[in-house]
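Subject: Handover of a structural model

Dear colleague,

Please find below the structure that I am handing over to you. The findings follow directly after it.

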Amino acid sequence: MSNEMSVKHNGMIVFWSLTDGTSISKLRDGFESIGRQDLIPETQNDGQALKRAVQQNFPSRNKIIRPLKGCVGFAVVHEEETIESDGQRKLAHEEELRVAITGGTIISNPSHHVCMPAIEEAFQVERHQVTAAKLGGILVKACVGLSGIPLRPRGGAYWIPNAKADQWEDVVRVIEEANPSNRVFKVRTSTDPDSVDTVCHSLVTEVEKQLENLSESLHTEDLGKRALQTKVSSAMGLKTLVSEYEEILGKTLTKLQQKAEEVHASASVALIQCL
């Protein structure tokens, strides 16, 4: 005879492993299909795409990629350690190639370097791809928009309430279908005291940090009407987030709610005075 235990879940911890080379067109089609055009990333600019194309063709550790001054371009410098007659070690540098973009065209010196065809091909590919770093930014934005909070100060793992799970899964599906090498993981959390305390601690840490930043900017920056309206909205959003988590976690966060109300009040007063 087996004993079955019903576990009530209140949310999930999410984290991911992403890769470069995700198609911008697939992401655009996917996010449009779920009504999340706000998550469509910008493509790499010409400078970013060219740098990645050059790096792909000069992966050796003794090849240094340096930006050129006054234009969008890079120099490939060969670095080699030599030993002088007196036994002293010295680094010798020799420029191997210069690549730049002008009028939408890639030019190089020397013009017939053996790597140029591959660089030009890689550049065209890179212009239509999204990097892993940008994908990470998309997922963080999605987490925050779904009332998610970071579980660590530097991010990397987020907690999302159960009520937003389906919307999160829609976003994940777009990311993973656009590139099968992208993986987004989840671990469901329950309502046991340890899980609740962990999420509560993370919420307090994150909200207090944002409130502190808001308060500091109100006192140290010369903010205009639009900026103050944004601050008021941000403070109100934090108040709403705290109330939402109070209901989810079954906890009363009086001090945190009071801090949010104080910052919201300060921002509102500053806005009124600005009118």
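Apart from residues up to four places away in sequence, Ile248 touches Asn10, Trp159 and Pro161. Please note that these contacts, like everything else in this message, come from a predicted model. Ile248 belongs to helix α7, and its relative accessibility of 26% places it in the partly exposed class. Between the C-alpha atoms of Ile248 and Ala133, which are 115 residues apart along the chain, the separation is 31 Å.

Helix α7 covers residues 225-249, and a second residue in it may be of interest to you, namely Ala227. With a relative accessible area of 29%, Ala227 is partly exposed.

The packing of α7 against helix α6 comes next. Helix α6 spans residues 193-220, and its axis lies 11 Å from that of α7, at an angle of about 165 degrees. Because angles over 145 degrees count as roughly antiparallel, α6 and α7 are roughly antiparallel to each other. Their crossing is left-handed. On the α6 side, the contact is formed by Val196, Val199, Cys200, Leu203, Val207, Gln210, Leu211, Leu214, Ser217 and Leu218. On the α7 side, the partners are Leu228, Lys231, Ser234, Ala235, Leu238, Leu241, Val242, Tyr245 and Leu249. Sorted by class, the residues of this contact comprise 15 nonpolar, 3 polar and 1 charged.

Under a cut-off of 2.5 Å between cysteine sulfur atoms, the count is 0 disulfides. Cys143 takes part in none, and the nearest cysteine sulfur to it, that of Cys200, is 19 Å away. Cys200 is likewise in no disulfide, its nearest cysteine sulfur being that of Cys143, 19 Å away. As for accessibility, Cys143 is buried at 0% relative accessibility, and Cys200 is buried with a relative accessible area of 10%.

A further helix pair is α2 and α3. Helix α2 consists of residues 46-57 and helix α3 of residues 116-126; their axes are 8 Å apart and the packing angle is about 135 degrees. That angle makes α2 oblique to α3. The crossing in which α2 passes α3 is right-handed. From α2, the contact draws on Asp46, Ala49, Leu50, Arg52, Ala53, Val54, Gln56 and Asn57, while α3 supplies Ala118, Ile119, Ala122, Phe123 and Glu126. By class, 8 of the residues in this contact are nonpolar, 2 are polar and 3 are charged.

Which residues does Glu126 contact, leaving aside its neighbours within four places in sequence? They are Gln44, Ala49, Arg52, Ala53 and Gln56. Glu126 is found in helix α3 and counts as buried, at 7% relative accessibility, since the buried class takes in values under 20%.

With kind regards

Terms used. Residues numbered from 1 in each chain as written. Predicted model: local features only at pLDDT ≥ 70, side-chain atom pairs only at ≥ 80, totals over all residues. Heavy atoms only, no water. Axes fitted to C-alpha atoms, helices over the stretch in contact; angles between N-to-C directions. Helix = DSSP H or I, 4+ residues; strand = E, 2+ residues; numbered from the N terminus. Parallel < 35°, antiparallel > 145°, perpendicular 65-115°, else oblique. Left-handed = near helix turned anticlockwise from the far one by under 90°. Contact = heavy atoms within 4.5 Å. Nonpolar A, V, L, I, M, F, W, Y, C, P; charged D, E, K, R; others polar. Buried < 20%, exposed > 50% of the residue type's maximum accessible area, 1.4 Å probe, protein only.
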